[in-house]
Amino acid sequence: MERFEILISAQQIASRIKEIAAELDETFKEEVPIFIGILNGSFMFMADLLREVNMDCEMDFIKLSSYRGNETSGTVRLLKDISADITGRHVVIVEDIVDSGLTIKFIKDRMMEADPASLTIVSLLHKPDVAKLDFAIDIVGFEISPEFVVGYGLDYDQKFRNFDGIYRLKEGPEDN
Ligand code: IMP
């Protein structure tokens, strides 16, 4: 674990998720929203968030292409679409991290084409110094500085998603 430095602990994540769930419960107490997780990165956040909300809700996943190594490819590709019909539904997008904002913009535009009753975007992490967005992320778990992080669903070359906290990946050779 010497290549990793803890940034956000599992306990910090768990307590922030309780706050986010309470906010969503309040917003959607009269509705049955559909939560849409963005694979692969949001699987852990989605699972923990849905265990904390109390409203009746549905869920689905969408899969997009993401990072190669620690550089963005610059284009977003749809690998798996949602199965649910979201027209007229209250949709909650669950994302792991908003970095450049490219992915979330793609999702938002795509979801809006289906004319949902409302669209709420929840992202566990946000790098505000990097993202250039012309819309707001409704709920952000933690704002972080522009550095590469792994764990709690987030990967580096598909690895480290299983860590229960968020870690900073230190620069340097892999054999330290
Ligand atoms: P964006 O399109 O640049 O906002 O990036 C969104 C996607 O890139 C996320 O869903 C992640 O899969 C990936 N990503 C962005 N920043 C990081 C990071 O620091 N660590 C791991 N993955 C990241």
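Which polar backbone atom is 2.8 Å from an oxygen atom of the ligand? A backbone atom of Asp99 sits at that distance, and a polar backbone atom of Gly101 is likewise 2.8 Å from a ligand oxygen. On its own the ligand has 490 Å² of accessible area, and the protein covers 95% of that (Shrake-Rupley method, 1.4 Å probe; for residues, only the protein chains shown count as cover).

A word on the source: the model is predicted, so to speak of local features a pLDDT of at least 70 is needed, side-chain atom pairs count only at pLDDT 80 or more, and totals for chains, interfaces and linings use all residues. Residues are numbered from 1 along each chain as its sequence is written, and side-chain values use heavy atoms, with hydrogens and water left out.

Back to the ligand. It is surrounded by 17 residues (each with a heavy atom within 4 Å), and the closest are Asp99, Ser100, Gly101, Thr103 and Val149. By type, the shell splits into seven nonpolar, four polar and six charged residues. Strand 5 gives the most, with four residues.

Now for the chain as a whole. It has three helices and nine strands, taken as DSSP runs numbered from the N terminus (helices: H or I, at least four residues; strands: E, at least two). Along the sequence they follow the pattern β-α-β-α-β-β-β-α-β-β-β-β. The radius of gyration is 16 Å, close to the 16 Å that the globule rule gives for 176 residues, so the chain is as compact as a globular protein of that length. That radius is taken over C-alpha atoms, and the rule is 2.2 Å times the number of residues to the power 0.38. Along the principal axes, the C-alpha atoms fill a box of roughly 50 × 35 × 25 Å. Of the 176 residues, 48% count as buried; buried means under 20% relative accessible area, exposed over 50%, and partly exposed in between (1.4 Å probe, protein chains only). Among contacts (heavy atoms within 4.5 Å) between residues at least 6 apart in sequence, 67% join residues at least 24 apart.

A few residues are worth a look. Arg161, in the loop between strand 8 (149–150) and strand 9 (166–169), is buried, with a relative accessible area of 12%. A polar atom of its side chain lies 2.8 Å from the backbone oxygen of Gly153, and a polar contact of 2.7 Å joins the side chains of Arg161 and Gln158. Leaving aside neighbours within four places in sequence, Arg161 has contacts that include Asn40, Phe43, Met44 and Tyr152.

Helix 1 (residues 10–27) holds Arg16, which counts as buried at 19% relative accessibility. Beyond its neighbours within four places in sequence, Arg16 is in contact with Ile139, Val140, Gly141 and Phe142. Glu23 also has its place in helix 1, but it counts as partly exposed, at 39% relative accessibility.

Notes: A polar contact is a pair of N or O atoms within 3.5 Å; within protein, one must be able to donate a hydrogen and the other to accept it, and residues adjacent in sequence count only if both atoms are side-chain atoms. Ala, Val, Leu, Ile, Met, Phe, Trp, Tyr, Cys and Pro count as nonpolar, Asp, Glu, Lys and Arg as charged, and the others, Gly among them, as polar.
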